[in-house]
Every structure is written in C-alpha cells, then in structure tokens.
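Trainee: Please take a close look at the charged side chains here, and at the rings around them. Walk me through it in one go.

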Amino acid sequence: MSQQDLRTWLEALDEMEPVKLFKGAHWDLEVGAITKFFQFKAREVFPRSIPAVLFDQIEGYPAGYRVLANALDSLKRLAFTLGLPTDLKPMEFVRLWRERSKELVPLKPEVVKDGPVLENVDVGKEVNMLKFPTPKWHELDGGRYIGTGSVTITRDPDEGWVNLGTYRVQIHDEKNLGFWISPGQHGRIHREKYFSRGQPCKVAISFGHHPLYLLAGTSKLPWGFSEYEFVGALRKEPVKVILGEFTGLPIPADAELVVEGESLPGETRTEGPFGEWTGYYGSSARPEPVIKVKSVMYRNNPIIMGAPPVRGSQMFNTFLGPAAIWEELEKAGVPDVRGVWCNEAAGGHLIIIVSIKQRYPGHARQAALLATSCSAGARHGRYVIVVDEDIDPSNSTDLLWALATRSDPERSIEIFRRCWSTSLDTAIPREEWGHNSRAIIDACRPYEWMADFPKVVEVSQEVRERTWKKWEKELKPILGDAN
C-alpha cells in the first residue's frame, strides 16, 4: 500500500465508487441529516453499505472547506483501503484480514521537517476553531462536534510511547475544546497520569487524515504499541510526522487539520450530550476536561473527517473487531475456532458470536469466557453466543435458528457480574455506570449427546451438484452462482 493522504485516497476511490457530493448544505443539522438518510437506508441491506458523502460550499464557509462522512462504512471501501479484494463476503473478509494482519511488520514513524499540514499555521490570537465548518450532527447534541473521525495524540509520561485514539471532541468556543474519553481507553489513562501529578496533559488532535488513521484510532491495539507503527505496517512504509512546536508530539505531516493544546487538571466545562453508536444520547451532559488550543495547522481547503456514529456500529468495527477477538482466542489456546462475528446491530461488540468445532467437554464455555474477557471483546460487552461449525456467525437467521433449537435457558446461559462497562451503557442506571453484567450462551449441540442430536434437514453436496448440473440453465438466472 503506497504512502498517500486523504486526497489521493479520494481520487483513487472515485475510480471505483464515486463519493456522493453535496454543495450548499448547512452545518447546523443539514449535514448530519443528509448523512443519516444514507445510514438509515443502509439498515435494509446486509452487509450494510453506506455511501461516502463529501460536503462542500457549506453555508457560511468558503468553498473548499469540506467535511467527509462515512468514509469506511462499506465492506467494499474498507477492503479497498486495506488493499484487500473488494468482492469479499463478510466472513471471507474476516478470515482474510486475520491472516493478513499476522504478516504486518510494525514501522516506526519518520520525523520530517515539513509537510502539507503546515501550509497554514494559526497561533495565539489567530486561533479560531469556528473558522472550520464543524457540523452539529444531531438535534439534541450539546454543540458542534469537530471530533468524530479524529485521532487524539498523547504520550505516556512514564513509558514515552505515543497513542492515537478516536474520541469525541466538542467545540466550546474559538479556543477551547471538549475532551471526552471513555474510562479504560489508553488516552484517558495517559491523561489521568498527568492529572494525578498536577501536570497539564499536552494533546494534539488530527481532524482530517487518511482513513487508515481512523482505523488505527478505533482498533484494539496492545498497551504500549503506537498506532503510528500500525499505520506504517499497513502502508508498508513509515508514516511521516512533524514534531509539534508546542507539544513536541508527532503529527501526521500529510494531515488536513491538526490542533495542539493542553488540558489542565481540575479545569472542566459541560460536554455533551452527543448521539452515540448505541443509538442513544447515552452519556448525557456533564463536566469534562477542556483542551486549550495553542496552535492550528491546516492545509489549503482542509477536509474534516466526519464519522458520526451509526446506530449499532461503524462498518470497520463490525469487520475488524471479530478478527481481533478470533486472534486472541487462538493465542489463548482455544482450538478449532471456525469464525467470529460481532453483530452489526449491536455496536460491534455488544453481541459476539463464536463458531467452533467442539473437541471436548467445556470447549464452548471456554470460548465464550475468553471472548467476553479478552482485550478486543471486554469493554462494554453484553452477550457472547457460541455456535457449532455449521453455523455462519454473520448470518442472523442461522444464528437465531441455532439459539432456538440447540440451547436450553437453564443449561445454556451463564451470568457474570461487575464487568467493564462505560457511561454509554443505556441499560445501566446512571449511579451504577462503570459495571455491567454479561451473559454467555452455549448454542451448540450438547456435547454429551452430540452424536445423537437430531440430524439437520439439508441437501447433501452430492445431490446439490447433481441437481445443479442438470438444472443450471433454469436456476442460475434466479439464484446466480448459488451452488
């Protein structure tokens, strides 16, 4: 994958799948509503495919100051961005990405002196975050959110490694930003370390960049592993970064729009609410730390990367999350995992489905316990369902059939309490935020009498092939290459 920025990504994408261009929309709700129209329509189709939308000539702003939404919310565009075949089916993608990810070689970023992001630099009195066309995405949002597809850059004060995380960022006014991070996220741990010492937390935030940064910022990478190295591995060449004048943090040299600032311990302002991926305004409005913006770097005609949450989850979480969980299961010693899926209507990790070929008593429970507690599946989980190898975990009809016919509530369900949740958990009373319960459901054939379990009604491969060969002329126009 060659080194490229957001603009060259858009140019290359246009040859495969033109971006939907809208001119003249208003930042106040219209940009968000148009984006949501496409998201709502996509609910009718699986795998969901939401068009990428580019907004230009946004009312009240110069032409060329743009907002891009839904960049990675289609399986085809996700595969294109990762350099994979663009005609893969859901589980084919998960399996291939998992194999490819094992071959990635982390590459440390390369520090350079200059880059497109330095075409314009505003400092001091020149800083004005309202000069950029930031949408108010939803009607009940507490304000305008410039950070939905952004990456927030922080450095661990003890170990020195740099983290890039995708956290929501609200514009309070010309020089102050809201800084909300869910508990347990690496960026929040960095911030808490600084605050516990009475020190400011220096921050840089990129608001426009190649979509690989968004993938990296939302991926479940190990503690101490920088997302810059992950992006470098995907590109097969080091990311070029500039060291920020105020923070000293590495900044993507080809970014569209980057700010530097600091967050001071004890200084807060009301942040939120914001319409989140749960489909609710789950975290309400409350005091959160503030970022005081010290400098703004941006390209001529900058593009803001918007990733307003889709009810359920973004496409990239739906497909990359299962591969990460699958890898952790196998590293933990769970044999014969045949597939992992995170149901897209359930936030990408609220419902995890694992398909296994049962090899021993307790195999299904082992897989479920590890899936609900591994790094990639632990945060804000709800249900893990384990099914047999004949079930496609990405097929909801197959899943519900297995759940209804192979599980018995008394025997098949286990409940675990005081697990890792977040303030976005809509099913937990506000005073109990932080913990939730988990259910693991064994929807496999009971191991003890698996050999005697009723046989599935199906057409054997031999009969399928024989019948297809005889009737292909009549069947193919209707079913395609279904055989």
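Mentor: Start with a definition: a charge sits over a ring if NZ of Lys or CZ of Arg is within 6 Å of the ring centre and within 35 degrees of the ring normal. Arg191 meets that rule, lying over the face of Phe179 at 4.7 Å from the ring centre. This is a predicted model, where local features need pLDDT of at least 70, side-chain atom pairs count only at pLDDT 80 or more, and totals for chains, interfaces and linings use all residues. Residues are numbered from 1 along each chain as its sequence is written, and side-chain values use heavy atoms, with hydrogens and water left out.

Now Arg168. Its charged end sits over the ring of Trp180, 4.3 Å from the ring centre. Arg168 also forms a salt bridge (a side-chain nitrogen of Lys or Arg within 4 Å of a carboxyl oxygen of Asp or Glu). The partner is Glu271, with the closest N and O atoms 2.8 Å apart. Arg168 lies in the loop between β8 (162–165) and β9 (169–173), and Glu271 in strand β14 (residues 257–271), so the pair ties together parts that are 103 residues apart in sequence. Helices (H or I, at least four residues) and strands (E, at least two) are DSSP runs, numbered from the N terminus. Arg168 is buried at 5% relative accessibility. Glu271 is buried too, at 1%. Buried means under 20% relative accessible area, exposed over 50%, and partly exposed in between (1.4 Å probe, protein chains only).

Side chains of opposite charge can pair when their charged atoms come close. By the salt-bridge rule, the count here comes to 31. Take Asp442 and Arg365, whose closest N and O atoms are 3.1 Å apart. Asp442 lies in strand β21 (residues 435–442) and Arg365 in helix α9 (residues 363–373), so this bridge ties together parts that are 77 residues apart in sequence. Asp442 is buried, with a relative accessible area of 13%. Arg365 is partly exposed, at 21%.

Glu192 is partly exposed, with 43% relative accessibility. Elsewhere, salt bridges link Arg98, Glu99, Lys102, Glu327 and Glu330 in a network.

Next, rings against rings. A pair of aromatic rings is described by the distance of the centres and the angle of the planes. Rings of Phe, Tyr and Trp (its six-membered ring) pair if their centres lie within 6.5 Å; planes under 30 degrees apart count as stacked, over 60 as edge-to-face and the rest as tilted. The structure holds 9 aromatic pairs. Trp9 and Phe80 have ring centres 6.4 Å apart and planes at 50°, so that pair is tilted. It links distant parts of the chain: Trp9 is in helix α1 (residues 6–16) and Phe80 in helix α3 (residues 75–82), 71 residues apart. Trp9 is buried, at 0% relative accessible area. Phe80 is partly exposed, at 22%.

Phe132 and Tyr298 form an edge-to-face pair, 5.1 Å centre to centre with 80° between the planes. Phe132 lies in the loop between β5 (120–123) and β6 (144–147) and Tyr298 in strand β15 (residues 286–298), so the pair ties together parts that are 166 residues apart in sequence. Phe132 and Tyr298 are both buried. Ring pairs also link Phe22, Phe38 and Phe55 into a cluster.
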